[in-house]
Amino acid sequence: MNELTNAELITRIRDIWEASRQQAVRSVNSAHVCANWLIGKQIVEAEQGGEQRAEYGKALIVSLSKELTDEYGSGFSVSALKYMRLFFLTYPLLLTKSHALRDQLDQSNNSEWKAGLLHLNLSWTHYRTLLKVDRQEARDFYEIETLRNGWSARQLERQVASLLFDRLLKSRDKEGMLALANQGLQPVRPLDVIKDPYVLEFLNLPDVPQWHESQLEQALLAQLQDFLLELGNGFAFVGRQIRLTLDGDHFYPDMVFYHVKLKCYVVIDLKLGKLNHADLGQMQLYVNYYEREIASSDDNPTIGLILCSEKNDAVVRYVLGEHNQQIFASRYQLYLPTEAQLQAELQREFNQLMLLGETS
């Protein structure tokens, strides 16, 4: 056995200690989750065994909150107990077997896990956010994607608030919606990774027309981690303003990414004003150039994405054709809309698509 240097020994000890600490944190978090679920279960069962009146349930929680707070301090407010009750009602199968808690925790990361069951990597803060999602199919999607992408509780909250599930649903039929809910996002075609609109509230920029495109680009680069979160899993940043030269003329697409799951380049251009046919033609040039000069034989067709503040869907269809699968135009918003606003916008665009289908 080779002798270790002090530095190598320290590194190994540090790795062991950090891994142990992370495992301990996950176990404590999951024990907290389990305890809250079990408390919620007790409250629900007490309500069912008591008087069948809403006033009884309210009085019960208030009484429990006072006694538990007197004994244990914070953590048992009326609001907290209501969340625990709702937790059990929303996730009735979270703890599926009557094993000891330790056994339950050991089983929570196995291959049989599915949305709705306990998982070590979901904290109580994660579940508090998930409880705000009313539809089960959307809640299952966020649960799966949180684990797949390692979203923090803050990142999950942001994705829920921006209605990620609904924005991804726009290009899917009923079968696609069920797949999204049961399996999370499984990109197999360019359309699967495109959203509309893109929400860029993390830039903290005023929604005014005086901004220049280069300023928007610089702001996105400064907040690249948040932008990658909004783009979605699989995007890897390649570069900005990468020069393309054609017979002495130079062109500079704003940003270039590579999608590691779709195995293709993604060229992004930013437009502050309304999208026009010239913008689409320029993106067609970028895509053609990457197809012929940059992409290898192993790469799939290049995707072009124009992010604009306003667009005319009819112009996009007439310029690109009905069967375009490579170039997309999506709007961006510089603020996080309310759920009602975003739902109304998504419904409006859905109705337009339905109308188009009836007239075609």
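Reply: What follows is a set of questions and answers about a predicted model.

Me: Why is E230 called buried?

Reply: A residue counts as buried when its relative accessible area is under 20%, and E230 has a relative accessible area of 0%, so E230 is called buried. This residue lies in helix α11, which covers residues 224-231.

Me: What makes the pairing of E230 and R167 a polar contact?

Reply: The limit for such a pair of N or O atoms is 3.5 Å, and the side chains of E230 and R167 are joined at 2.6 Å, which is within that limit. The side chain of E230 also has a polar atom that lies 2.9 Å from the backbone nitrogen of V199. Leaving aside neighbours within four places in sequence, the residues in contact with E230 include R158, K195, Y198 and F202.

Me: How do you know that E201 and R158 form a salt bridge?

Reply: A salt bridge needs a side-chain nitrogen of Lys or Arg within 4 Å of a carboxyl oxygen of Asp or Glu, and the N to O distance between the side chains of R158 and E201 is 2.9 Å, so the pair qualifies. R158, R167, E201 and E230 are linked in a network of salt bridges.

Me: Why do E201 and R158 count as buried?

Reply: With buried meaning under 20%, the 17% relative accessibility of E201 places this residue in that class, and the 10% of R158 does likewise.

Me: What makes R85 partly exposed, and why is E47 called buried?

Reply: Partly exposed covers the range between the buried limit of 20% and the exposed limit of 50%, so R85, at 28% relative accessibility, is partly exposed, whereas E47, at 12%, counts as buried. The side chains of R85 and E47 meet in a salt bridge with an N to O distance of 2.8 Å. This pair links distant parts of the chain, with R85 in helix α3 and E47 in helix α1, 38 residues apart.

Me: How do you know that K271 and D279 form a salt bridge?

Reply: The closest N and O atoms of K271 and D279 are 3.5 Å apart, and since the limit is 4 Å, the pair is therefore counted as a salt bridge. Both K271 and D279 are buried. In total, the structure holds 13 salt bridges.

Conventions. Residues numbered from 1 in each chain as written. Predicted model: local features only at pLDDT ≥ 70, side-chain atom pairs only at ≥ 80, totals over all residues. Heavy atoms only, no water. Helix = DSSP H or I, 4+ residues; strand = E, 2+ residues; numbered from the N terminus. Buried < 20%, exposed > 50% of the residue type's maximum accessible area, 1.4 Å probe, protein only. Polar contact = N/O pair within 3.5 Å; in protein donor to acceptor, adjacent residues only side chain to side chain. Contact = heavy atoms within 4.5 Å.
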